[in-house]
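Hi,

Here is the structure I promised to send over. Have a look at it first, and then read on for what turned up.

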Amino acid sequence: MWWKKLLSIPVFVYTVLSGSAAKGDEVEQRENMVSRQIETRGVRDPRVLAAMRRVPRHEFVPAAQRSMAYQDGPLPIGYGQTISQPYIVAVMTELARLKPGDRVLEIGTGSGYQAAVLAEIGAEVYSIELVPELAAEAAETLKRLGYTGVEARQGDGYAGWPAAAPFRAIVVTAAPPTVPPLLLEQLDVGGRLVIPVGDYFQELQVHTRGEDGIEVETIFPVRFVPMRGRIEDSEGAGADADEPDQPAAER
Ligand SMILES: C[S@@+](CC[C@H](N)C(=O)[O-])C[C@H]1O[C@@H](n2cnc3c(N)ncnc32)[C@H](O)[C@@H]1O
């Protein structure tokens, strides 16, 4: 009957309008996140600010955390891991000093959010995650949102990704007690390793590879989840670059 079709129109209109209102809310929340949490604390790189405005952070957090996705802090993503605070993601991205087309390695894919921000800069992103379930979920989220510029794998990032090296930047989002030497070896000349270092007391460091060696800069104290896997056993910490620990499976 034609009148039955008419009855369904208000439901359709409500669904479409409430969907776009929610989308509008998220755009506004992202704008507030950037202006109140990131710009006011000194992040200035226009590429980074634009990327933080574009990436839908709520898509990278579990359903139960969605209403808090744009708050000023880290959030649990399961398996004892976290998605980092938006400000920290912005600072680390700014410290990486990437331009479109640069190759970057991320250690600790987690939810996939930092990888998406790096991809929005226009970088070619490689990312490794130790926890298989997180690696699979992040790969699925990145694919669903169309981040085709990210190659994500499950594995131990301790030894980097030698087959894709050298990198213009390496961004590490889990803290090792000391800097894994194989990561420094995979930096291009001029390349930057952005990494939290320490156990309980950690600091964010930038290691820049020059023609004659590595220059280290300390940024500020941070608190990241610890790096796990090979870094924890003394044998792994002494491994050499000829026997790279290739990530186990490609996702
Ligand atoms: C703070 S969370 C990552 C946040 C993530 N970048 C994001 O945007 O959601 C740190 C991640 O590092 C991972 N991780 C710890 N040790 C690792 C290792 N050796 N190799 C790769 N990933 C590791 C953890 O499982 C965790 O998911």
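To start with something you can check on screen: which residues of helix 3 are buried? They are P86, Y87, V89, A90, V91, M92, T93, E94, L95 and A96. Before you read too much into any of this, please keep in mind that the model is predicted.

Now the chain as a whole. The protein chain has seven helices and 10 strands. It runs to 251 residues, and 41% of them are buried. If you take the contacts between residues at least 6 apart in sequence, 57% join residues at least 24 apart.

Back to helix 3, which spans residues 86-96. Since 10 of its 11 residues are buried, helix 3 is largely enclosed by the rest of the structure.

On the helix 2 side you will find V48, A51 and M52, and on the helix 3 side P86, A90, T93 and E94. Sorted by class, the residues of this contact are five nonpolar, one polar and one charged.

Helix 4 (113-120) is another one to look at. All eight of its eight residues are buried, so helix 4 is largely enclosed by the rest of the structure. The buried residues are Y113, Q114, A115, A116, V117, L118, A119 and E120. Helix 4 is followed by G122, and the phi of G122 is positive too, near 100°.

In soluble globular proteins, nonpolar side chains tend to be buried together. Here the largest nonpolar core has 65 residues, and V104, L118, I170 and V194 have the most contacts inside it. Helix 3 gives the most to this core, seven residues.

Next, the ligand. There are 25 residues around the ligand, and G108, G110, S111, G157 and A174 come nearest. By class, this shell has 12 nonpolar, 10 polar and three charged residues. Strand 2 (81-83), helix 4 and strand 4 (124-129) each supply at least two residues of the shell. The largest share, three residues, comes from strand 2.

E31 sits in helix 1 (residues 2-39). E31 counts as partly exposed because 13 C-beta neighbours lie inside 10 Å. E31 and R53 are 22 residues apart along the chain, with their C-alpha atoms separated by 6.1 Å. And E133, is that one buried or exposed? E133, which is found in helix 5 (residues 132-144), is exposed, with 12 other C-beta atoms within 10 Å. The C-alpha atoms of E133 and Y79 are separated by 8.5 Å, and these two residues are 54 apart along the chain.

Cheers

Terms used
Residues are numbered from 1 along each chain as its sequence is written. This is a predicted model: local features need pLDDT of at least 70, side-chain atom pairs count only at pLDDT 80 or more; totals for chains, interfaces and linings use all residues. A residue is near a molecule or strand if its C-beta atom, placed from the backbone, lies within 6 Å of it. Helices (H or I, at least four residues) and strands (E, at least two) are DSSP runs, numbered from the N terminus. Ala, Val, Leu, Ile, Met, Phe, Trp, Tyr, Cys and Pro count as nonpolar, Asp, Glu, Lys and Arg as charged, and the others, Gly among them, as polar. Axes are lines fitted to C-alpha atoms, for helices over the stretch in contact, and angles run from 0 to 180 degrees between N-to-C directions. Two residues are in contact if their C-beta atoms, placed from the backbone, lie within 7 Å. A residue is buried if 20 or more other C-beta atoms lie within 10 Å of its own, exposed if 12 or fewer, and partly exposed in between; C-beta atoms are placed from the backbone. A nonpolar core is a set of buried Ala, Val, Leu, Ile, Met, Phe, Trp, Tyr and Cys residues joined through C-beta atoms within 7 Å.
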